[in-house]
Amino acid sequence: MVTSGDFGVNDFAFKVATVNGTGSASANGLLLQALFRMGIPVSGKNVFPSNIQGLPTWYEIRVNKDSYTARSPDFHLVVAMNPQSYGRDIEEVVSGGWILYDDTKPLEEELVRDDVTFLGLPLAEMCVREFEGSRTRILMKNITYVGALVALLDIDVEVVKGMLQEKFSHKQHLMEANFRAIEMGASAARERFDCPLPIRLERMDATSDCVMVTGNAAAALGCVYAGATVGAWYPITPSTSLMDGFTEYCERFRVDPETGKKKFCIIQAEDELAAAGMVIGAGWMGARAFTPTSGPGISLMSEFIGLAYYAEIPSVFFDVQRTGPSTGMPTRTQQGDLMLTAYASHGDTKHIVLFPADPKECFEFAVAAFDLAERFQTPTFVVSDLDIGMNDWMIPRLEWDDEYRPDRGKVLSAAELEEAESFYRYLDVDGDHVPYRSLPGVHPKGAYFTRGSGHDKYGRYTEGSDEYIEVVDRILKKVESAADSVPEPEVLAGSHGSNGAGPSSRGELSNGAGPTSYDARYGLVSIGGCHWAVLEARDELTRRGLDVDYLRVRGFPFNQTVEDFLVGHERIFVIEQNRDEQLRKLLTIETGCPKEKLTSITYYGGQPLSKGHVLEGLAQHIDVPPELLPAGAAP
Amino acid sequence: MSYITKPVARHKGDRTNGLGLTTRDYEGSMSTLCAGCGHDSVTAALIQAFWELDVEPHRVAKLSGIGCSSKTPTYFIKEAHGFNSVHGRMPSIAAGANAANRDLLYVGISGDGDSLSIGLGQFCHAIRRNVNMLYVLENNGVYGLTKGQFSASADIGSKSKKGEVNRQGPIDPVSVALTLGATFVARSFSGDKQQLVPILEAGLEHDGFAFVDVISPCVTFNDHVGSTKSYAYTRTHMHEVVQTDFVPIRSEIRTEYAEGTVREVKMHDGSSVRLRKVDDDYDPTDRHAAIEYLGSVADQGEIATGLLYLAEAGEDLHRFSATVDQPLVSLGYEELCPGSEVLREVQKEWW
């Protein structure tokens, strides 16, 4: 009996510890890909340092036949390739687990544990014997441990070879070297150990409708599909790969085949302030424009965000959150920008914010963000995090409706302006708080002065109280009215969806109203990437007869479904990844729910949330079946 | 009440341009700047330039940051879209706007606080990025709206209204622009419309970032004895090194110069700029020589004016981005979305 959770076939987690910059990333990608291609649900978390070369780095892989993909910190196997981090790595294996290490040099005695099995292979020595050149030897050591895992975990070697063939189809010598390393690692493991281990893999057919992708790549593709033409940015981890993705997809799909000219413009700005300014300038002209950044960037952009809010200029901001405050831990994840994005900039402001939980929603919400930004003529945020943005996630295949056309909002054409008796930019003509917009260069009658200074509903400069109030009050109503247009919260009530194994639901973009009454006493509320751990924890509780309802917030401002959920339960647990209970505070500020009713469960150490965080947090307040808790964690 | 609509006054005999418009059609709201402010003269020169160039009013985009200078886009071309942005950040708005719609005529108006202090970075990068626009810096050496603090262009030894003497060296925007590779660099004086109008015209026609530093005295806070940005000081110390004539397409050359003293530079649209060297040893097409020469003029306490440097615009934001010829905002959605079939194909690469 192991201490936490059962493991065995297609249900375990392992971790590879290496040195940053030694080429292990591609070996680990190879591993993840191989498992996925064997049809087994899998998730990978890259735990990397803010460093180019030399510091410890880890790659965690969770295999779960029931498709639970949240991070699992219970490692049944550690591939310890970095003596620098041996101590910590060996400590992290669950009792009864295994450690694969390089025994070219003997392990120091104090590192040895007697409750785990040490699997030593002289990987460095083998590579010195087999390969020429120090760089090749370092690279091939990574492939050799993959080979050992092929034997230890029963990875289909043909799948691995197939991938190497695809990768090195034009580099025969590299392919052969990689094949040799795989074979060498596998046979060495078979010679010395009883292969496979009890934790092992069996082919399944659970991934054929899925793809593996990062949230940043999916969001980038969403920007392409939304018709974004201008992207401005300043490089910052963990958002950089979003613009890399946009560049790559645009180079493929947006270049005129005849002229070679580009139907997009990407500007690497001098800083985040300028990036925001460029987005606003392009949005003013009528282009769909965006910037990807992280929390420090949002801090710098805040002045401009207020301008876009007050001057009512559509603009889209992606905040791939990392651990703050200040520079914080740039390569660790967090949800620390909830308050920041909801109310960014000085003065009275409030923004539309979307919270994707995985790459599928990064794609969908990217498209939705441009529609919302233009419909409501306001800055719109898509707030993901490092875990969603940079890690590979297994998601259902993305779909696209070719009937989709962008919602450009109320933009007047030259003909409409010609016909119009008069045009005033900030006049609430239709009573829906959204004024009509004209674009520069279209018609002389459309001209007005865009300004961040006080203006009246006719667009004229003012320092008059009544004229000022009239405009800012309308803007507030406008943004609040977006509550019914942002993605509907995902609600799981009763024992819905948790009868079988596996995550019960995947939210669809819908705008139907949620339930207004609930049977369960307790409700969980969560957000973004917490979803998968919360879902797993809730399913376990439900299976043991403890019904808790669950609502995942997907957009801000909150709509009535959120308020009804809070009102409809005796007690609400708000699960989020920041110290200051930001979601709980937002719920308190923005709904009528008394704050005593909301209890926070927070985790903010920089790793993705796991079900243990949720269950242990709940156990502080309610009776959680003790078998669900790690030893010693019971209240 | 800070907004004053200016009645359009039409007079018999007002001259019309090629579009049948009078200079009145290029005016904006009534200025709320102090009477005698240099900036109002710059506005008048701009109106003249737009009118003479037959610019369609609604095809102009006028932008600014914050400060007295940044109020001035309100005072010209009411039929053009304007954008009064945030302090020092107009260049990024202009870059984004230009990226989205390259077909408009962009005019940015800034000041010395806006461009040389809070917005120095954005100013530099707009030059480096070669955003196709006319960038006018109305330079008075002082913060007006906050009542008289020195700006970063204040000269050493210049005295404030309260008698304080500036001891920090100035940032000279002309030197900055030349050093960073600007292809059109001029300095003029708000009080010299003769000189300023052709420079503005040439700047509007220049196919890249055209920088014009205009000494534009602040009558309220920096026009006293001891100030080096006053009307009197500028008039006495102005040293015109190049005279500029702008010759629109198919127009007759208005001024005759002695042979050998004039250099004619063709603009991309077929118009031309004629530069007459006042100083024999000055070459307005040699960047390094210009930097050196202007430094020596400044050392003598003089203010070099004229179209000081002009070259082919080279690659601008669109050329180095290789964007399509038509404005990005004019592309239909069908041209931008790869569609469901491509999405299926792309996902095959996602393992």
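Analyst: Let's start in chain A, where 14 residues of domain 2 are in contact with 12 residues of domain 3. Here, "contact" means that the C-beta atoms of two residues, placed from the backbone, lie within 7 Å. Keep in mind that this is a predicted model: local features need pLDDT of at least 70, side-chain atom pairs count only at pLDDT 80 or more, and totals for chains, interfaces and linings use all residues. Residues count from 1 along each chain as its sequence is written, while chains are lettered from A and ligands numbered from 1 in the order in which they are written.

The centres of domain 2 and domain 3 of chain A, taken over C-alpha atoms, are 26 Å apart. On the domain 2 side that touches domain 3 of chain A, α9 (272-285), α10 (295-311) and α12 (359-376) of chain A each bring at least two residues. Helices are DSSP runs of H or I with at least four residues, strands are E runs of at least two, and both are numbered from the N terminus. The largest share of that side, 3 residues, belongs to α10(A). Sorted by class, this side of domain 2 of chain A has 8 nonpolar, 4 polar and 2 charged residues. (Ala, Val, Leu, Ile, Met, Phe, Trp, Tyr, Cys and Pro count as nonpolar, Asp, Glu, Lys and Arg as charged, and the others, Gly among them, as polar.)

And where do those domains sit? Chain A is assigned domain 1 (11-192), domain 2 (212-396), domain 3 (414-483) and domain 4 (487-628), with bounds from an automatic or database domain assignment.

Now hop over to chain B. An open sheet of 3 strands there runs in the order β10-β12-β11, with antiparallel pairing; strands pair if DSSP finds at least two bridges between them. β10 (242-247) and β11 (262-266) of chain B are at the edges with a single partner strand each, so one side of each has no neighbour in the sheet. From one strand to the next, the twist averages 20°.

Zoom in on one pair: β10(B) and β12 (residues 272-277) of chain B run antiparallel, joined by 6 bridges. One detail to look for is T244(B), whose bridge partner in β12(B) is L275(B). Helix α7 (residues 193-205) of chain B lies across β10 and β12 of chain B, at about 60° to β10(B). Axes are lines fitted to C-alpha atoms, for helices over the stretch in contact, and angles between N-to-C directions run from 0 to 180 degrees.
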